[in-house]
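Me: Could you walk me through the side-chain contacts in a model like this one? I would like to learn how to read each kind of feature as we go.

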Amino acid sequence: MQPAPVLCGIGTSLPDRVVTNDELAARLDTSDEWIRTRTGIRERRVVDPGTATGDLAHAAAQGALKSAGSAEVDLLILATTTPDHPCPATAPDVAQRLGLTGIPAWDLGAVCSGFVYGLACASSFVRSGAATRVLVVGADTYSTITDPDDRSTRAIFGDGAGAVVVRAGTPDEDGAIGPVSLGSDGSQRDAIIVEAGGSRRPLTDAHTTPDGRYFTMRGRTVFRHAVERMAQSAEKVRAEAGWSTEDVDCLVAHQANARIIDAVAARMGVAPERCATSIERLGNTAAASLPLALAEAARSGRLHTGDRVLLTAFGGGATWGAAALTWPDVTPMSI
């Protein structure tokens with residue numbers, strides 16, 4: 001029988017520094033009320049100078065391995081938009097710091113959909129028999145790429161990392177990952193973008209402005225596409241899993257904006273009390289969003305062993321994806 005991918009461990013890492021809406025309002029032309037009513041965010045975590053994405057990824061990975069009860073994995077996938085360096089990838093360094101030198105390790109760039117893409121890759125490796133244990137990390141430090149004077153982005157994003165271990169198992173056990181759906185649309189590439197720093201617009205380009213190095217997005221366009229694509233992909237995997245809407249115990253949508261999460265749930269017919277959220281305290285943590293929300297739901301008692309869970313995300317590219325799984329008997333670990 002073909003092995004099935006099973007989630008067997010989860011870990012998280014957050015910076016110590018908490019930045020409240022009031023603190024941002026002291027610098028930006030905004031207020032706590034303006035941010036809360038438009039995004040649902042009250043505070044977020046931000047790294048101190050000198051702390052990089054790889055540091056958070058390493059700590060979250062340590063937690064996931066501890067949660068899984070084993071430090072042995074066959075490969076490591078790091079989903080991030082904010083690697084430690086443009087070159088080389090951050091994943092091999094994270095693997096080396098974990099004592100996993102020699103295993104395949106690579107960065108995956110699908111922006112806020114990165115964790116679902118990583119989960120899909122891990123599932124494929126396990127199902128094919130090419131790997132028996134895979135470490136998937138979602139980590140981002142968007143405070144390093146957002147304009148400190150732009151309230152439309154600075155107020156939304158936070159820094160953090162989450163990681164899971166996926167092992168080979170059977171499709172009938174708790175933790176089993178079911179159908180996965182992925183998609184992209186390059187015509188929306190400029191809706192979410194850091195314009196400069198790549199080969200198309202090098203930082204040395206005479207026409208590149210200082211603002212070109214910052215993350216920008218077209219909010220209304222992103223809202224519309226995010227709701228549509230997240231709902232569609234989640235509905236697709238729900239149907240493929242053979243679940244009715246009432247069967248879904250927990251919907252975990254990318255924590256981009258509370259209004260987006262509410263709109264996705266409403267379009268799918270999922271009651272608000274069956275949605276897991278962490279955006280109020282953490283903001284949008286990009287590729288770390290889903291594992292952080294899962295861990296918080298598990299710690300709070302919102303998730304129980306055997307619960308049917310739908311994950312769905314939308315990110316730059318544009319990219320989107322969804323996955324279905326049953327929740328395992330695991331304890332999230334934070335290092």
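Reply: Happy to. Let's begin with burial: a residue is buried under 20% relative accessible area, exposed over 50%, and partly exposed in between, using a 1.4 Å probe and protein chains only. Tyr142, at 0% relative accessibility, therefore counts as buried. Before we go on, keep in mind that this is a predicted model, where local features need pLDDT of at least 70, side-chain atom pairs count only at pLDDT 80 or more, and totals for chains, interfaces and linings use all residues. Residues are numbered from 1 along each chain as its sequence is written, and side-chain values use heavy atoms, with hydrogens and water left out.

Me: Thanks! How do I read a pair of aromatic rings?

Reply: Two things describe such a pair: the distance of the centres and the angle of the planes. Rings of Phe, Tyr and Trp (its six-membered ring) pair if their centres lie within 6.5 Å; planes under 30 degrees apart are stacked, over 60 edge-to-face, and the rest tilted. There are four aromatic pairs in this structure. One of them joins Trp106 and Phe125, a tilted pair with 5.9 Å centre to centre and 40° between the planes. Trp106 belongs to strand 5 (residues 105-108) and Phe125 to helix 5 (residues 114-128), so this pair ties together parts 19 residues apart in sequence. For these labels, helices (H or I, at least four residues) and strands (E, at least two) are DSSP runs, numbered from the N terminus.

Me: How many salt bridges does the structure hold?

Reply: Twelve. A salt bridge here is a side-chain nitrogen of Lys or Arg within 4 Å of a carboxyl oxygen of Asp or Glu. Take Arg27 and Asp149, whose side chains meet at 3.0 Å, N to O. They link distant parts of the chain, 122 residues apart: Arg27 is in the loop between helix 1 (21-25) and helix 2 (32-39), and Asp149 in the loop between strand 6 (133-141) and helix 6 (151-154). Both Arg27 and Asp149 are exposed.

Me: Which residue forms a salt bridge with Arg36?

Reply: Asp32, with the closest N and O atoms 2.6 Å apart. Both residues lie in helix 2, four residues apart, about one turn of the helix. Arg36 is partly exposed at 28% relative accessibility, and Asp32 is partly exposed at 21%.

Me: Which residues are linked in a network of salt bridges?

Reply: Asp55, Asp93 and Arg97. Within it, the side chains of Arg97 and Asp55 meet at 3.0 Å, N to O. Arg97 lies in helix 4 (residues 91-97) and Asp55 in helix 3 (residues 53-68), so they tie together parts 42 residues apart in sequence.

Me: And what does the charged end of Arg151 sit over?

Reply: The ring of Trp34, 4.1 Å from its centre. The rule asks for NZ of Lys or CZ of Arg within 6 Å of the ring centre and within 35 degrees of the ring normal.
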